[in-house]
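Below are some notes for a colleague who is meeting this structure for the first time.

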Amino acid sequence: MLSFDPEKVILPAGHYIDGQHCDTQGEQLSVNRPSDGKPYATLSEAQAGDVDRAVTLAHQAVKASGWASASPRERGKVLRRWADLIEQDATLPQLEALGSTRPISDVVNHEIPFTAEAIRFYAECADKYSGDLFPTRDSSLGMLVPEPYGVIAAITPWNFPLSMASWKCGPALAAGNAVVLKPSELTPFSTARMAELAVQAGLPSGVLNIVQGSGAVTGSALVAHPLVRKVSFTGSTLTGARIMSDAAYHGMKPVTLELGGKSPQLVFDDAGDIDTVAQRILRGFTANGGQACVAGTRLIVQRAIAEPLIARLVALCQTFRPGVTWDETSRYAPLIDARQGNKVASVIAAAKAQGAQVLVGGERFADTADGWFWQPTLLSAPGADNPAVEQEIFGPVLTVQIFDEEEEGLQLAAHAIYGLCAGVHTLSLPRALRAMRAIEAGTVWINRYGRSGDFIIPTGGFLGSGIGKDLGRQAFQACQRQKSVLIDF
């Protein structure tokens, strides 16, 4: 039985610093449940002094505890124990489902295993990647020696709190760093519990600290702190640009940025079974209520199969039903809050004003009280400059554009701002490879849409969708700086 009473979930205090939950004297922020809009907690925002304490203690802890100098295999053992505790903990799934948009069944069956496996992957990376030796003259030795940065600042979004935390903490800790992490103020509690489990697993106190608050106050103080040597952020393109600027201004810190997307799903007339393709496209834009940076929200379909594919998508969209995230029968995610709901509504209204037609959906479910459950929506958009085609909506809205020739489809797949992901649906290998080469995106999925559990494959965007990579060995190596050494005998 996965269903639970949301009123009976015990919440940890928001901040977790030096191995202890603690409070601060900052502004009190209300935290609401996405499923019904009800406030269920308050959060004291970390101010610059609180952030300074968290970063300073992390800086001291990573040195005094020996975490940075510990053997890689010892660090790996701690991370594997942490992953085990994450899978075994009874409180963590309820905290995630209560405060986020993730239904409890999705959390238990997908989010928790994914989070634990990401940490295990980086536990294995700890002793698998090292430096290098270079050919020099016989009387000398050239080396490249990797070292941890020290303190890495991580800022995670509200849409996948646990898994995004594992993406940031796993590689950073495995590489010997300390982490000060700021989760979204909309979804603060599961990450705090996750950090508590890390200490239980043997991570030295202070090596992973959690500070809560807004990006403008807590996040800015974290990025600007002089002891923070690197910043890793997942969120909007606008915020990523500000972080990049702040990091450059306050010490020239390297950044990893996974940012927004407006990803195409390019469907050719040889894509195969219509129902299979429709199901694939549907998951690509409705998963987590469309609240994913990788969501495939632009359907670009060849004319010969456009009519049956659109008809099948319309029928599938009409099968969705809303349900609170603490009910194990719920399968469809709410929007995070009223602000996000109003944004979705405003973009759809602007799109319609410029000629888009609603094929299905287009409004909020009527029977969801104060929860913002949005109907899966298809919009026939006449031009690339339509607001629904241009803007990242972050809701379950799919625009539809039709093309005739391959080159026309590839041109429609391009986007002036974003280059995060793309889906290509065709049974022709040459056509798939031509499309893969032509599309400017950090990830291209062919005859699928969405990541797998293969953590070895990195993710990250081009253009305004980001810099650097999460996942893969690239994320681990990005948490180390490289020192060149030349020794004369």
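1. Axes are lines fitted to C-alpha atoms, for helices over the stretch in contact, and angles run from 0 to 180 degrees between N-to-C directions. The crossing of α5 past α6 is right-handed, a term used if the near helix is turned clockwise from the far one by less than a right angle.

2. On the α5 side, P161, L162, A165 and S166 make the contact, and on the α6 side S190, T191 and M194 do so, where contact means heavy atoms within 4.5 Å. By class these residues are four nonpolar, three polar and no charged; Ala, Val, Leu, Ile, Met, Phe, Trp, Tyr, Cys and Pro count as nonpolar, Asp, Glu, Lys and Arg as charged, and the others, Gly among them, as polar.

3. The model is a predicted one, in which local features need pLDDT of at least 70 and side-chain atom pairs count only at pLDDT 80 or more, while totals for chains, interfaces and linings use all residues. Residues are numbered from 1 along each chain as its sequence is written, and side-chain values use heavy atoms, with hydrogens and water left out.

4. Helix α6 also meets helix α2 (residues 72-88), the two axes coming within 8 Å and crossing at roughly 130°, which makes α2 oblique to α6. This crossing of α2 past α6 is right-handed. W82, L85 and I86 of α2 face M194, L197, A198 and Q200 of α6, and the contact divides into six nonpolar residues, one polar and no charged.

5. The structure holds three cavities of 30 Å³ or more, a cavity being a set of points on a 1 Å grid over the protein atoms alone where a 1.4 Å probe fits but cannot get out, with lining residues having an atom within 4 Å of a point. A volume is the space filled by probe spheres set on the points, which are joined across faces, edges and corners. The largest cavity has a volume of about 90 Å³, and of its 14 lining residues P171, K230, S232, D470 and C479 are the closest to its centre. Helix α5 gives the most to this lining, with four residues.

6. The largest pocket holds about 1300 Å³ of space, a pocket being an open set with protein on both sides within 12 Å along at least five of seven lines. Of the 37 residues lining the largest pocket, W158, G235, S236, T239 and R339 lie nearest its centre. The largest share of this lining, six residues, comes from α8.

7. The second largest pocket has a volume of about 1100 Å³, and its lining of 36 residues has R102, F160, R283, A287 and N288 nearest the centre.

Methods. Helices (H or I, at least four residues) and strands (E, at least two) are DSSP runs, numbered from the N terminus. Angles under 35 degrees count as roughly parallel, over 145 as roughly antiparallel, 65 to 115 as roughly perpendicular and the rest as oblique.
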